[in-house]
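Please open the model in your viewer and keep the selection tool at hand. The tour below moves from one selection to the next and says what can be found at each stop.

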Amino acid sequence: MYKIQMVDVKGQYQKIKKDLDARVIATIESGAFIQGPEVKLFESGLGGLLDNAEVVGCANGTDALQIALMALDLQPGDEVIVPSFTFVASVEVIVLLGMVPVVVDVDPETFLMRTEDIEASLSPKTKAIIPVHLFGQCVDMKSVMAIAEKNNLFVIEDNAQAIGARCADTSGGMKMAGTIGHIGCTSFYPSKNLGCYGDGGAVMSRDAALVQRLKMLANHGMERRYYHDAIGVNSRLDSIQAAILNVKLPHLIRWNTQRQEAAAKYDAQLSGIDQLETPKRAASSEHIFHQYTLRIKEGRRDALQKFLAEKEIPSMIYYPVPMHEQGAYKEVVQCRVPLTHTNTISDEVLSLPMHPDLTDEQIQYICDHIKAFFSA
Ligand SMILES: *Cc1c(COP(=O)(O)O)cnc(C)c1O
């Protein structure tokens, strides 16, 4: 059996190697390394996939979040509501810009931001909400947008983990994640569902004025070369990374479907085990399984992880420490609701290998060992 990987970056490359190598070499030969035609092509290609939202490439997903906050002209001291159970970037950028993260709890079944907590966390200083579409499914955006509208708040979707997922929107239909809030942010970190071969990211919006501002901010605050109308950052998507993404983009939806198929196979094998919970699907969203995350009960998570590692089965804990307990953030974040579920799940979550090329044999091997662990 081929060695099991958490994410099989090398195996995926072998399947698209011919197209990819040719495209990368052609980009190098073209000499257009910064904001060349591959970048424009990718921005319009991804925009097309995302129900014709406008996409602006940038250097990584963390910068995408920072540029989004900068584009909204928020002030130091303004408050931004964000879940504590997330990757650090969602909170880091708020603090870097002198604003205050106000953290909320997540639903223990879907791991998604509890929208009930948003209203309980509001103050006159609240200016924005960052819903995080964690593990591949979307926060209940209908509720988020309704609260935002009522309270005059901006919504920045952290869509680093749910690119290509559809989610229920205010009109009653389904919309692409990242295109419902005022600004959406994503990452092309190699292990994401749409990953490049280095760092990359993008912001997206449907508001033409915001798009113009996002573009300008990502490129030193200039529209006309060497004329700076805003204080920006240097955060562009490389042409070579864009070329790689142009080869991968047409596969994204199929890859997401393959992840869903792998998840269904895991579910079928693991849902009968009492000592764990398989991931629940949110009612308002499709799940594209950036991660397949179990909850392991009875304090046995770390023992299971060790047992699996001995059988050469990788697994990861996303995330072991929530933001309100992190050394750098515990004194900085504010919190006005109990974080009960966040505290519990941080000790229980375990993500299994998940990528489009998992074989039946590999899934069987993983599940057999999980069953063996619990029946011992
Ligand atoms: C990966 C990720 C980011 C940051 O993306 P980078 O490209 O690594 O900077 C932000 N938020 C979430 C939820 C992520 O998973």
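Is R281 buried, partly exposed or exposed? At 37% relative accessibility, R281 counts as partly exposed, where buried means under 20% relative accessible area, exposed means over 50%, and partly exposed lies in between, computed with a 1.4 Å probe on protein chains only.

Before going further, please note that this is a predicted model, in which local features need pLDDT of at least 70 and side-chain atom pairs count only at pLDDT 80 or more, while totals for chains, interfaces and linings use all residues. Residues are numbered from 1 along each chain as its sequence is written, and side-chain values use heavy atoms, with hydrogens and water left out.

**First stop: a salt bridge**

D267 lies in helix α9 and R281 in the loop between β10 and β11, so the pair ties together parts that are 14 residues apart in sequence; helices (H or I, at least four residues) and strands (E, at least two) are DSSP runs, numbered from the N terminus.

Now select helix α9, residues 252–270, which lies across β10, β11 and β13 and runs at about 20° to β11. Such angles run from 0 to 180 degrees between N-to-C directions, and the axes are lines fitted to C-alpha atoms, for helices over the stretch in contact.

Colour the strands next: three of them form an open sheet in the order β10-β11-β13, with antiparallel pairing, and two strands pair if DSSP finds at least two bridges between them. The edge strands, each pairing on one side only, are β10 (276–277) and β13 (349–352). Between β10 and β11 (residues 292–296) there are two bridges, and here E277 stands opposite R295. On the other pairing, four bridges join β11 to β13, where T293 has S351 as its bridge partner.

In a regular strand the side chains alternate between the two faces of the sheet. Show the side chains of β13 with this in mind: V349 and S351 point to one side and L350 and L352 to the other, and all of them are buried, which leaves both faces of the strand covered.

Select I370, which touches L270, I273, L276, L294, L304, L308 and L352, not counting residues up to four places away in sequence; touching, or contact, means heavy atoms within 4.5 Å. I370 is among the residues with the most contacts inside the largest nonpolar core, which has 96 residues. A nonpolar core is a set of buried Ala, Val, Leu, Ile, Met, Phe, Trp, Tyr and Cys residues joined through side-chain atoms within 4.5 Å. Helix α3, residues 61–71, gives the most to this core, with seven residues. A second, separate core of 18 residues includes V39, M176, A242 and L252.

Colour residues 9–250 as domain 1 and residues 252–375 as domain 2, bounds that come from an automatic or database domain assignment. Their centres, taken over C-alpha atoms, are separated by 24 Å, and the contact takes 54 residues from domain 1 and 40 residues from domain 2.

**Last stop: other charged pairs**

Side chains of opposite charge can pair when their charged atoms come close. The count of salt bridges comes to 17. Select K15 and D357, whose side chains meet in one of them at 2.9 Å, N to O. K15 lies in helix α1 (residues 9–30) and D357 in the loop between β13 and α12 (360–375), so the pair ties together parts that are 342 residues apart in sequence. K15 is exposed, with a relative accessible area of 62%, whereas D357 is buried, with 16%.

Move on to D169 and K175, which meet in a salt bridge of 2.6 Å, N to O; D169 is buried, with a relative accessible area of 2%, while K175 counts as partly exposed at 27%. Finish by selecting R114, E116 and D117, which are linked in a network of salt bridges.

Conventions:
A salt bridge is a side-chain nitrogen of Lys or Arg within 4 Å of a carboxyl oxygen of Asp or Glu.
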